[in-house]
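Dear colleague,

Please find below the structure that I am handing over to you. My findings follow directly after it.

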Amino acid sequence: MGMLLNGKWSSAVNRSMTEGRFVREDSSLHQLLAPSGNFGSDIRRDQLVLVASKSCPWSHATAIAHAINELDALIPIQVACGPRIEGYQVAVKGPLTNDYRHIHQLYTETDSAFTGRATVPLLWDWSEKKIICNDSTAILRFFDLIGSHSKLRPSSFLDEIDDLLAMIYDGLSNAVYRAGKAQRQDEYQEAVDLVFATMEELDERLRSQRFLVTRNLTEPDIRLFATLVRFDSVYATHFRCTRHRLVDFPNLWRYAREIYLMPSIRKTVDFGAIRSGYYLNDGHHNPFGIIAEQPVLDWSL
């Protein structure tokens, strides 16, 4: 996987595995962006760039918040993609293409002695030439703060929203990675059991309601969708979550398709990028780089 050590790229270091278990590192630059800071509704056009991967669910959540708030004219997007020889690469086309080749260069531009993984999504400040945030939650909420079309955290539902976010992260979004990257049978089994118990609980919750909290999309809906849209294509196969597919959960499947068919969200989904992003960048699971076919799925309602 690789990471930066004192500002130098090392492909040999992987701190995400501990005794055969996948442990996700916390984002280390999220404190640089706060609602009380210098950025608000008065940010200059093209001052900030969202750097995101089309395959990464954490990036996808921020891209959805960006799309539904129609921020294209204010904050352009730089796609991170390609073979991860030194982590994510900068796409051929985009606002950062002429200046940078690898995402880790943005980290060392920000901190020449940075130690940690060069993750996406992140917000890049043109004027300061630095990352101001690499925490997907902070970025998503920032877009909601400066946008005019969505309010993803209605104040009267904050406790319920935060409880659901914790449940979705621990029981599904991160648990599929625990299953897929497990190096011990007991760790794999524990993670898979958690994945499907969580999906069953969410399927039951959606039996009698359109979305998770209110009649409109909220933050947990965006997080859940970013995982569900990848489930049958990569998690049920590449991450060995084979007990059921998303299509086996009628309420979750209906819910995922309804969100997918929202025009602003559908344009953020790229199944080809999702599959290649996982299958081509996980060498010890897929050493020959074979990209599995897209499952036969009818995403229309």
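In the residue classes used here, Ala, Val, Leu, Ile, Met, Phe, Trp, Tyr, Cys and Pro count as nonpolar, Asp, Glu, Lys and Arg count as charged, and the others, Gly among them, count as polar. Please note that the model is a predicted one.

By these classes, the lining of the second largest pocket has six nonpolar, five polar and four charged residues. The volume of this pocket is about 280 Å³. Its lining comprises 15 residues, and those nearest the centre of the pocket are Lys54, Ala63, Ile77, Lys267 and Thr268. Two or more lining residues are given by each of α1 (57–68) and β6 (77–81). The largest share, five residues, is from α1.

Helix α1 also has a part in the packing of α4. The buried residues of α4 pack against α1, as well as against α3 (136–146), α5 (175–181), α6 and α7. Helix α4 spans residues 158–173, and its buried residues are Ile161, Leu164, Leu165, Ile168, Gly171, Leu172 and Ser173.

Two of these partners, α6 and α7, also meet each other. The axes of α6 (residues 185–205) and α7 (residues 219–235) come within 14 Å and cross at roughly 115°. This crossing of α6 and α7 is left-handed. On the α6 side, Val195, Phe196, Met199 and Leu202 make the contact, and on the α7 side Leu224, Leu228 and Phe231 do. By class, the residues of this contact are seven nonpolar, with no polar and no charged ones.

Yours sincerely

Terms used
Residues numbered from 1 in each chain as written. Predicted model: local features only at pLDDT ≥ 70, side-chain atom pairs only at ≥ 80, totals over all residues. Heavy atoms only, no water. Axes fitted to C-alpha atoms, helices over the stretch in contact; angles between N-to-C directions. Helix = DSSP H or I, 4+ residues; strand = E, 2+ residues; numbered from the N terminus. Left-handed = near helix turned anticlockwise from the far one by under 90°. Contact = heavy atoms within 4.5 Å. 1 Å grid on protein atoms, 1.4 Å probe; cavity = no way out; pocket = protein on both sides within 12 Å on 5 of 7 lines; lining within 4 Å. Points joined across faces, edges and corners; volume = space filled by probe spheres on them. Buried < 20%, exposed > 50% of the residue type's maximum accessible area, 1.4 Å probe, protein only.
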